[in-house]
Amino acid sequence: MESAFLHTPLGIAKLEGDENGVSSITVIDGDIPPSDVIPEVLDDAVYQLQEYFEGKRQAFSLTLNPEGTDFQKKVWDALLQIPFGKTISYLQLSKTLGDPKAIRAVASANGKNPLWIVIPCHRVIGSDGSLTGYAGGIHRKKWLLAHESPAKQQSLF
């Protein structure tokens with residue numbers, strides 16, 4: 001398993017993967033220097049994440065290889081269908097998967113997403129529009145949704 005560290009506007013991203021694909025992208029708080037040398041198996045993932053943060057990329061084209069249960073992978077596949085700049089609720093996601101009563105299990109799988117940003121779990125919100133539950137912190141979820149918003153909000157201050 002190869003790894004690389006990338007500075008982003010939201011902290012340090014740790015990427016892990018091998019010849020079978022990218023298995024993990026997580027955000028870390030702390031002061032870890034970015035990788036001087038990016039392993040070849042992660043080069044495209046680093047490049048695409050940089051483009052995303054520069055506002056030049058809306059979709060990722062990477063080979064993904066996350067570890068999880070069949071149910072978790074089903075939820076993560078459904079997350080990949082949420083378009084850039086759009087959000088859905090946990091209830092809508094549960095209905096998409098065929099069981100509106102599975103909302104807690106869906107939310108749990110969403111929270112265990114190992115591929116930060118690439119599998120866009122940040123695009124799932126509460127039914128009332130609230131920014132609930134995000135493993136990377138609500139401040140990061142808010143930033144990501146604003147970054148992807150088609151209508152950029154300008155600050156008055």
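Is Y52 buried or exposed, and what is its relative accessible area? Some notes for a first look, starting with the ground rules.

1. **What you are looking at.** This is a predicted model, in which local features need pLDDT of at least 70 and side-chain atom pairs count only at pLDDT 80 or more, while totals for chains, interfaces and linings use all residues. Residues are numbered from 1 along each chain as its sequence is written, and side-chain values use heavy atoms, with hydrogens and water left out.

2. **Y52.** To settle the opening question: Y52 is buried, with a relative accessible area of 1%. Here buried means under 20% relative accessible area, exposed means over 50%, and partly exposed is in between (1.4 Å probe, protein chains only).

3. **Ring pairs.** Rings of Phe, Tyr and Trp (its six-membered ring) pair if their centres lie within 6.5 Å; planes under 30 degrees apart count as stacked, over 60 as edge-to-face and the rest as tilted. That rule gives five aromatic pairs. One of them joins Y52 and F60: the ring centres are 5.7 Å apart and the planes sit at 35°, so this pair is tilted. Both Y52 and F60 are buried.

4. **A link across the sequence.** Y52 also pairs with F84, this time edge-to-face, at 6.4 Å centre to centre and 80° between the planes. Because Y52 lies in helix α1 and F84 in the loop between α2 (70-79) and β4 (88-89), the pair ties together parts that are 32 residues apart in sequence. Helices (H or I, at least four residues) and strands (E, at least two) are DSSP runs, numbered from the N terminus. F84 itself counts as partly exposed, at 22% relative accessibility. Zooming out, ring pairs link Y52, F53, F60, F84, W116 and W143 into a cluster.

5. **Helix α5.** Have a look at residues 138-148: the buried ones are R140, K141, L144, L145, H147 and E148. They cover an arc of only 160° around the axis (taken from the directions from the helix axis to the C-beta atoms), which puts them on the same side of α5. The face turned away from that side carries the exposed H139 and K142. Among what covers the buried residues are β3 (21-28), α1 (40-53), α3 (90-96) and β5 (124-125).

6. C121 is found in the loop between α4 (103-111) and β5, and at 8% relative accessibility it counts as buried. Leaving aside neighbours within four places in sequence, C121 is in contact (heavy atoms within 4.5 Å) with L79, N110, N113 and Y134.
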